[in-house]
Structure formats: C-alpha cells, structure tokens
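Welcome! Have a look at the picture first.

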Amino acid sequence: MSNVSLKNLCKSYDKTKIIINNINLEIADKEFIVLVGASGCGKSTILRMIAGLEDITAGEISIGDKVVNNVHPKDRDIAFVFQSYALYPHMSVYDNIAFGLKMRKTDKATIDKKVKEVAEVLDLTQYLDRKPKQLSGGQRQRVALGRAMVRNPKVFLMDEPLSNLDAKLRVQMRSEIKKLHKKLDTTFIYVTHDQTEALTMGDRIVVLDKGVIQQVDTPKNIYSNPANTFVAGFIGQMNFIDAVLDEEGLKFNGITVPVNDELRSRLNGKTNFTIGIRPENMVIGETKFNVEVDISEMLGSEKIAYFNIQGAKCSAKLPPDYEIGETIELALTPDNMLFFDKETGKNILM
C-alpha cells in the first residue's frame, strides 16, 4: 500500500513564523493528487516534509500505514523529482538513472536491466551515453523521472517539475506524466503553482493559501463549486460583483435578475452577496446589460473581453467579432452564479 496520511501537520520557524498550519490530508493508494497555490503558500514545504528533507514542528506523517516522522529519507521508499532536475552534469544519462541503485549496492546485472527498461519506457534508449548538457529540457526531465522510476518507489513526489520548460513542451510532458502514472500504478504527489496543470493532471486538487488547506476536491468540483472566493479566483478566471437581493430579484449594475423561490430558500435569508460568474457564463440568459470593452485578448476562435461592472474588473469569453471601445450586450442567469458571503468569503450554497 502506498497511501499517505498527514495528521495535524505543522511547520514553523522560531515559533513565530507559521509556514504550515495544522494540515490534515488523506492521499489514497495510487492516487494522483496535486498541491496548488501561490508562491509561499507552503506546498513545497509539505512535499519536503513528506520526503524527510524538512523537519516537522508538530503532527504525523504516514506512508503505507507506517509513521515515518523519524525515518531517514532514504528509508521512506519515496522518489523526489526536483524542479531543477538535479542531474549530475559529469555523468551519462545511464549513470544518472543508475545512481540510486549503485548507492544501494545493487548488482550490475540488475542495474543494467532496470536502467534499460526505464529508458525504453521514457524513450531515452538512444541517449544513454550522452551527458545532460547534450539533452533538451524535456529529455533532461525524462532522465530525472527515470532516476526516480528505476527504484520502484511507493510514492513519487514532484516539485514543479515542468516549470523550466517552454509552453508547448509543458503540454506534452503533462500528458507523458499522466501516462506514466497509469503505467506505474503508484501514488503521485505533484506540486505546482499552475492552475492548468492542476486541473488537467490531478485526480484531486488541494488548494493551499498561507499554509492552510482551502479545499480538497476533484478538478471538476473545484472549478464549478469552489469553497470560497480565494479558490474561485485562483482556479480559473472569476468575475466578482457585489449584489443585493430584494423582493424583485438580484440587483447590481442597474439591472434586476429574477430569482426563483428555491434559490431564495437556499440563500437562507441573506440579502448582500459577492456573486461570482465565470467569463464563459457571461453570455447566457434573459437579463441583458451593456458594457464597454476596455481590453481584449485574441484566443483564436474566441476573445476575452475586459470591462468594468460597478468598478470591478470583469471579463467574458465571446466570439471574436467586436473591437476595443465597442459597447456590447451581455446576459446572465442565477443558474450560473456563485454566491459568496461578503464577510467570510465562503460559498453560501455549499
């Protein structure tokens, strides 16, 4: 079993600077879980604590139902893939992949067999005699993965492994890592600040802010039903608009949007909200209003239009048949709105 359990996990420096604040997380055997958040949120620190590279201030870490708080990193049966690849420049690809096995005094025949098997899986066979400087960024990343794979670890830990690659190669490597996860059939814990990587790669996503878990859920649920305004704004684009509900309906920007009795009941008598609307949902419904386009971004078959609503910067995904400065008509419906408490930021309908 390669499940990972974090219980009441804390990390602080000098008892004043809290980096990780009471994290509780259960990662299932063979799950691909992604830790995502802005720089400084603590996601890499969590990964390093699981690996044993960072001391724990308080709490408990278990790997495969065994508490590993006091277990040396080399004995935790994990593999760590670093952002910088961390390859030995003077060694060949073969020796880089084989390094961990040699340190464990594995016999030469076994090393040779495992290295060649991994090289074949990662399409590195023809590069085994090359040095890292003779490889592209994507090839170096595959060597780093190969060095981890060759040991058959219980858990793979990956700390922003694609951040040094160009955009096209990142897309390619995302799919390669997902294929690798299915092939190896083991647990992957992946750290990134890139919301696209999180949405496209994870079985579940853990959204972190200032050392605290904000939400743990599937990519679909994180996007469609975020727990609070932080998650809503961090994962995907979100328009936030202050609105008031009265007997006529939901009011903002001089318009009134009808609200049915079922939704009124779910809102528990609250009348002041921050509503959230995704850009793709700013073109649906019966209640229409006009906005003036300030800026636009061309995305091929569609454009992102930017404009102001009640002083708030908003955006909509639209067909590319309008110009900057043009007044356009938008429409929306409460079915595609999220309702957040103005004081706590929590999703009222969750």
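## Before we start

A residue counts as buried when its relative accessible area is under 20%, as exposed when the value is over 50%, and as partly exposed in between, with a 1.4 Å probe and protein chains only. Helices (H or I, at least four residues) and strands (E, at least two) are DSSP runs, numbered from the N terminus.

This is a predicted model, in which local features need pLDDT of at least 70 and side-chain atom pairs count only at pLDDT 80 or more, while totals for chains, interfaces and linings use all residues. Residues are numbered from 1 along each chain as its sequence is written, and side-chain values use heavy atoms, leaving out hydrogens and water.

## A covered strand

Let us begin with strand β3, residues 32-36, where five of the five residues are buried. In a regular strand, side chains alternate between the two faces of the sheet. In β3, both faces are covered: Phe 32, Val 34 and Val 36 are buried on one side, and Ile 33 and Leu 35 on the other.

Which strands does β3 pair with? Two strands count as paired if DSSP finds at least two bridges between them. β3 runs parallel to β8 (residues 187-192), with five bridges, and parallel to β9 (residues 204-209), with four bridges. Leu 35 has Val 191 as its bridge partner in β8 and stands opposite Val 206 in β9.

## The whole sheet

Stepping back, we find an open sheet of six strands, ordered β6-β7-β8-β3-β9-β10, with mixed pairing. The edges are β6 (78-81) and β10 (212-217); each has a single partner strand, so one side of each is left without a neighbour in the sheet. From one strand to the next, the twist averages 15°.

β7 (residues 155-159) and β8 are parallel and joined by five bridges. Here Asp 159 stands opposite Val 191 of β8.

Now for the helices. Helix α4 lies across β6 and β7, and runs at about 170° to β6. Axes are lines fitted to C-alpha atoms, for helices over the stretch in contact, and angles run from 0 to 180 degrees between N-to-C directions.

The axes of α2 (residues 93-103) and α4 (residues 137-149) come within 7 Å and cross at roughly 30°. With contact meaning heavy atoms within 4.5 Å, Val 93, Asn 96 and Ile 97 of α2 meet Val 143, Gly 146 and Arg 147 of α4.
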